[in-house]
Amino acid sequence: MARHSEEDAGMAKAPPAARQRKKKPKENKTRTVHANILHDCAKGEENPNRHYANNKIKTTKYTVLSFLPKNLFEQFHRFANVYFVFIALLNFVPVVNAFQPELALAPVVFILSVTAIKDLWEDYRRHRSDKEINHMDCLVYSRAERRYVEKYWKEVRVGDFIRLRCNELLPADVLLLSSSDPDRLCHIETATLDGETNLKQRQVVRSFYDLDCEFDPLKYNSIIECEKPNNDLNRFRGYIIHRSGRRDALYKENLLLRGCTIRNTEEAVGIVIYAGHETKAMLNNNGPRYKRSKLERQMNVDVFWCVIILLVMCLFAAVGHGLWMFQYGDNRPVFDVLSPEGTNLSPIMSAIYLFLTMIIVFQVLIPISLFVSIEIVKICQVYFIHQDMDLYDEETDSHLQCRALNITEDLGQMQYIFSDKTGTLTENKMVFRRCTVAGVEYSHDANARRLAMYQEMDSEEEECMSHGGTLPRRDSVTSHQSARVVLRSQSTKSHRRTGSRAEAKRASILSKHTAFSSPMEKDITPDPKLLDKVNDCSSQMDFMRFHSQPMSQLPSDLSDIIDFFIALTICNTVVVSSPNQPRHKVTLTCSGQKHQFGQTSVRSKRDHLWTGLHNDVLPQLHSRLPGCSSLLSSPSAESTLTKLHEEQPSGGLEQVFSPIPPSYDGKASWNLEEGELRYEAESPDEAALVYAARAYKCSLVGRLPDQVIVELPHLGKLSFELLHTLGFDSTRKRMSVVVRHPLTDQITVYTKGADSVIMDLIKPPDTARKFHLCLFLSFSKKIVCRTQHYLNLYAADGLRTLCIAKKILSKEEYACWLQRHLAAETAIQGREELLFESALRLETNLHLLGATGIEDRLQDGVPETIASLRKAGLQIWVLTGDKQETAVNIAYACKLLDPEEELLTLNEACALLLEESLHYIQSTPFLVHRLGLVIDGRTLAYALDKSLEDKFLAVARSCRSVLCCRSTPLQKSMVVKLVRNKLKVMTLAIGDGANDVSMIQVADVGVGISGQEGMQAVMASDFALPRFRYLQKLLLVHGHWCYSRLANMILYFFYKNAMFVALIFWYQFYCGFSGSAMIDQWYLIFFNLMFSAFPQLITGTLDKDVSAETLQQLPQLYVNGQNSEEYKPYMFWMNMIDAFYQSLVCFFIPYFAYADSDVDLFTWGTPITTLALFTILLHLGTETKTWTWMNWMSIAFSIALFFTVALCYNASCPACYSPSNPYWTMQRLLQEPLFYLLCFITPIAALLPRFFYRACQGTLFPSPVQLGRQLDKLPADIRRNILSLSRVKVGSPLCPKLPFLSLAKLWSWLDAHFLLVAGSGNIEVCF
Amino acid sequence: MMASSYSAKDEDGHITVSGPGGGTLRNKKPENTAFKQQRLPAWQPILTAGTVLPAFFIIGLIFIPIGIGLYVTSNNIKEFEIDYTGDDTSSPCYNCAQNFSWNNTKSCTCIIPFQLDQPYESNVFMYYGLSNFYQNHRRYVKSRDDSQLNGNIDSLKKPSKECEPYASVDNKPIAPCGAIANSMFNDTLKLFYNDPNGTSVPILLTSTGIAWWTDKHVKFRNPGGNNANLTAVFQGTVKPVNWHRPVYELDTDPENNGFINEDFIVWMRTAALPTFRKLYRIIQKNNNMAPTLPRGNYTLVVDYNYPVRSFEGRKRMILSTISWMGGKNPFLGIAYITVGSVCFFLGVVLLVIHHKYGNRNNSANISN
């Protein structure tokens, strides 16, 4: 049910291209398109279309000329860059300069140019792909030559007629005017836009329907008026005005969007409506999102503190300098040099100048390379996450995608998870399980049995495959079938009886063994009773038709049954396709084009195409070519496929839609044809229902815009005239079709929808919903009541329920409704609202036919994942659109709700209730962790009200899990927003469908599941996962690592810079606060950029505090990141204090060692630099938890680099590098024993306190993470024992005989944090 | 030093995916390498009292002997220091100090007697020391032209901007330019040994070999290469304002004159701290039997030219022998002893902690 919710606010963003034309004749609200061929020259002044953008796209940001200014301008948007440039420029002012101006520019220029080169490269890639796309070919009608000629895409203009062939990419948004398809249809695949691989039908504009001959552009003389370009893929409104003055409405069904691929249609002709940047695809194409992570926000606060520290230090030095100057009075000492002009500066003036000088000297305190380093480390982290094999899904050949590059560390700090249910926790592979028709339940036991057996088979088969067997799936199924039936059927039955907890257990068992794409959802074993009835019924109907009796004589229960199946078959938007159709005739050029397009618009496009191929086609290949299937490599598979299609006659289409009603010959031929048909649905439950109906021989054979062909047993193919389709939307929660019944010739409305909605619309509307009243009600009411009863049962089994209803309209009623409906359809303004009201008018007084129960299986490992995420201290809320009972049962199945915990159900909208529950919670503080809250949409809408949201949150907070059912997409995002803003917590939203998009966008981290429901959620997300269970490793391992690495690196950066700068600060006390530095300016400037840069990058990228295994087995360690324990505000200050201490040591040991000696300024400064480098590296060493060869190498490299650079620099030029002029300094130092003695003692003395503290902490009060590391070091078997013990241990009092003290601490810690006390059973607080 | 163990998790690091068709169809599967799966073999030290303890003891045991050695070495160095600033009325230089300024051309001489209690055996280094003299002032440090000092003719005629305002006088370039050169120390110190028999024997002071070799031979060059006639070379330049003699009259020895005068070179190496000493002369040990400076009375004769009273500076003359680790400085020895003792003490503390809180953990590890 993937439908775009209308609250998309993204439309406001018009591209620059659209705004450029300011001299528009008038500010129309619509766009008028004339055909170009009516005017002589496409580019002439007279062309009314000349104001519209042409089809040339340009996604590059820069041109050769504008690159430098524009790129610099963009880079200066980052405040830090402005600051550094300002400081570098300050150096050019002679009175304040501290360094050689050119040298001071070096780091800034370096940083800016690195970014500029990166930008340039990206822009060049964009330019190349633009060029390729602009130079693709398409056929455009030329008036001069009176035929279609090949043109480049970029030459296509609005108003051009273009001819499209099968498998071609659409160059622009095109209004479909003609199609070679006899039904005036055109199929497109929209994978590049939304990732959905199912085919969609587009129709020729209505007024061009009845063209008997080929469309001739020269005869076209209509004018199209439509809305302005916008980015809403699911909306297109306008009308076409013919010369005769007739107006015809245009819908999105008439528009072919740029980037889609034409399928199943040999040729189509259309007129370009939007081109180039104004196409919907391009308007939707906005770049990656930029988010700022929590850690970075925290870091910015500390950068701000650094600025304050800097200013304080500068101010201190300035005042000191003023006083120093003042003490000499007018008698200037010989070493106080006058200004170059020979004038004497007053102490105050020179203090002011010095303040600026000191800002330059101390600039290193604001780490210039920090931002660059963080970006580098994040890119590396993203790379490693991408490379993780555990996050790779074999089935779909997809792995995790990081779409937002800069919030990896947020993954380690999540506190709340908001999850969608369908498709996220469950497979979203719908399987028809049970149904109720006319109040009679058909339990489909055989089907259930067979399903259970499939699961058995799948696990069996996996074993087979792993042992080298190449048996195709179906073979293995049949060969094992008989052996297993009895055993499995018994166990399934026994499970079925024992309510929800058993169901939960069963679901978790099932979820382990189900393969992702098994044929089970297509093959349904019909319930024998029902099958009999269907046969009976249809044969009766056949008989009646034969004797031309009116159909109304059919017994009502039988007619209900046949109507039920007709409704299942018709009431949907399923597209029928057969493998014979040229859908997958993938040619190489075509896929190449798609690849290029994918680069600009949808990155994952190609992947998805492949997914589609593997999923849809390969199983069929397997069945046809047993033996060689699994040995095929992908390219050969493709080519085989192409051949296969070519060999087969392309007459499938005609066969299926042949006008001759085929006689019902018997099963053999029928089965043969059945195998060829495939149903492609927008939502999987639609397909499940159609497949279910097919199992009862009531199969959908073809769907055209105005008719549906259904094959019924005994009756053969029947064609239902399709009058209207009122599509599904999330507010109505139902869809309807209006058809003319071919047998009764009645106008019938079939409605399918959520039971809560349908039940309210059943005639008579006052039907009571309480079960016990049933006995006193009439027969039809009894059916309703019984159905409701079964619906409740289905929901209790965790099945998704749908109600099917119908309504027969009299001709007059229909005419009346039709009139108003047509008015609504042609309206341009407010059409949606009018159509909505029109639908409401139709869907009343329905007659209930029956209900279905569809199973949506849990994904693999969902209960385990939820359990371990829960252990990790994450609050998990499930927000679903499903009905309450279903949701509750799924929640039990996936261990979200515990049978032992108390369930708080809020179903009535009243403030009193919230208060009552709040009171209840507060009165029983001990139960706090064992509450589960279930709230439905109506109550939720109420609870989200401003006045009540605080109370709602208070209740929700004290519950262990929260389940919101029947919630709309908007409500989902409101809940997330509420929790995020009010509780100030980090939120993660995970979902797979379009209805989760708003929630994903609102949350701090949005995760999309690239599952069944297209790619909209993935497009909006920051991370895209193939399966839900990968969330566990993503958060617990990668999140933890990323957070701890980055937090440690940032802290280290602050420390490093502060320590280095403080050295110079101490020196000011000994140089009259004159801003002098004993460290050579080259060292000073390149210290951060070169000498100490690599080890921290390596550590920031590779350091692992705890191993992945332990992190996953002890999810409790995740709390570390949630509480920001690696980087707390006080840690910044502790680091600063440590930095100042270490710099004191590094300064004063050389100071005293060289006191009153003949050492000169830079010969004294060089050892200090060296000591600082050693100390900084050693500090990093104490903070590094895992030493790989890369860590060793980077440290060795840093030291070697420093000495090499120093030696070369000191030997290079005897008369350069004023003022330090360090000729031969390092060489001389290396000959002095004193230098080595200093290098030995200083780093050790500097790091002594930190090292001692770490050692004490490691023994006396180790953090859980440290305990985890100790656990890591134990031999594998002991560790396994302990961990398995921990699973048992959690919840029980601490065992006094635990062998390890540190582990005993761990357990006590675990217990303290995750107290799970055995509690009483469910108590319904209110109902 | 610390608990170390290489985790052996990379065993499965290079297993290639094999099996029927498994790996070939999956083109996007990440590679299973130790690096990409973040399983590089690694040393994982855990800092606890038990593991860190030996490191502390080892450091203590190494540092304390080194410290003692350094301390003893430093104490064996003989050093004698005499302050001749003359701001005290009793000082022989009081008169000179009182009425002296940069403008005086006539030098004032003062005679300071002193006594050495010990004989100085090896070569004796004679330093002059200045206090409160900020040679490290930022603008002072910059005020020089290295290329002029390196003998560049162009820089000689047109000194660098950095030398301002000591670059030129009346449009004539100053050689050597800049504030450092301008403020060069120009006291002359002479040493006499008062023989017990009453005669005053002048002591031979060597004025070469006091600068860095690289400075004397590479960094500092007279303009015009080996042109012996320095007067001609420096034609057209003027002496620094505070100097009494032009640069080419600093010494009579042509190898120690002009820019390569060693007193000048030594001065140009700006001191790191406001209290500093600079090597002035070396008293070579001339025969193996007699000490270089025997015990007894000496006289220091000072040509008092250098005013320091305006900034409350002090001037000293220092006689010192040196060892392999330089001049007399007990600090490093004390520092080593202190750090070593602290480490040792902390080691003991850790031992206690370890025994009290960590040993059960340890023994349990062994018993399992």
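In chain B, how many strands form the open sheet, in what order do they lie, and is the pairing parallel or antiparallel?

A: The model is a predicted one, and the description below should be read with that in mind.

The sheet in chain B is open and is formed by 4 strands. Their order is S2-S9-S6-S7, and the pairing is antiparallel. At the edges lie strand S2, residues 108–116, and strand S7, residues 200–202, of chain B, and each of these pairs on one side only. From one strand to the next, the twist averages 30°. In general, strands of a sheet pair through backbone hydrogen bonds, either parallel or antiparallel.

One pairing in this sheet can be followed in detail. Strand S2 of chain B is joined to strand S9 of chain B, residues 296–304, by 9 bridges in the antiparallel sense. Within this pairing, B:Pro113 stands opposite B:Thr299, a residue of S9(B).

Elsewhere in chain B there is a backbone feature to note. The peptide bond between B:Ala175 and B:Pro176 is cis, with omega about -10°. B:Pro176 sits in a loop of chain B that runs between strand S5 (172–173) and helix H7 (179–182).

Strand S6 of chain A, residues 185–189, pairs with S12(A) over 3 bridges in the antiparallel sense. In that pairing A:His187 has A:Arg263 as its bridge partner in S12(A).

Further along chain A, strand S24 (residues 716–729) takes part in two pairings. With strand S23 (residues 707–712) of chain A, the pairing is antiparallel and has 6 bridges. Here A:Ile709 stands opposite A:Ser719 of S24(A). The hairpin of S23(A) and S24(A) has 3 residues between the strands, and A:His714 in this hairpin takes a positive phi near 65°. With strand S25 (residues 734–740) of chain A, S24(A) again pairs in the antiparallel sense, over 6 bridges. The bridge partner of A:Leu722 in S25(A) is A:Val739.

A:Arg966, a residue other than glycine, has a positive phi near 55°. Its loop lies between strand S32 (961–965) and helix H30 (969–983) of chain A. The peptide bond from A:Ser1218 to A:Pro1219 is cis, with omega near 0°. A:Pro1219 is in the loop between helix H40 (1189–1212) and helix H41 (1225–1229) of chain A. As background, most residues other than glycine have a negative phi, and most peptide bonds are trans.

Finally, the two chains touch. In chain A, 114 residues are in contact with 100 residues of chain B. Together the chains bury about 9500 Å², of which 63% is on carbon and sulfur atoms. The number of salt bridges between chain A and chain B is 5. One of the salt bridges links the side chains of B:Arg316 and A:Asp1156, at 3.1 Å from N to O. Across the interface of chain A and chain B, 28 residue pairs are in polar contact. On the side of chain A that touches chain B, the largest share comes from helix H42 (residues 1233–1260) of chain A, with 17 residues. By type, the residues on this side of chain A are 62 nonpolar, 35 polar and 17 charged.

Note on methods. Residues are numbered from 1 along each chain as its sequence is written. Chains are lettered from A and ligands numbered from 1 in the order in which they are written. This is a predicted model: local features need pLDDT of at least 70, side-chain atom pairs count only at pLDDT 80 or more; totals for chains, interfaces and linings use all residues. Side-chain values use heavy atoms; hydrogens and water are left out. Contact means heavy atoms within 4.5 Å. Buried area is the accessible area (1.4 Å probe) that two parts lose on being put together, summed over both. A salt bridge is a side-chain nitrogen of Lys or Arg within 4 Å of a carboxyl oxygen of Asp or Glu. A polar contact is a pair of N or O atoms within 3.5 Å; within protein, one must be able to donate a hydrogen and the other to accept it, and residues adjacent in sequence count only if both atoms are side-chain atoms. Ala, Val, Leu, Ile, Met, Phe, Trp, Tyr, Cys and Pro count as nonpolar, Asp, Glu, Lys and Arg as charged, and the others, Gly among them, as polar. Two strands pair if DSSP finds at least two bridges between them. Axes are lines fitted to C-alpha atoms, for helices over the stretch in contact, and angles run from 0 to 180 degrees between N-to-C directions.
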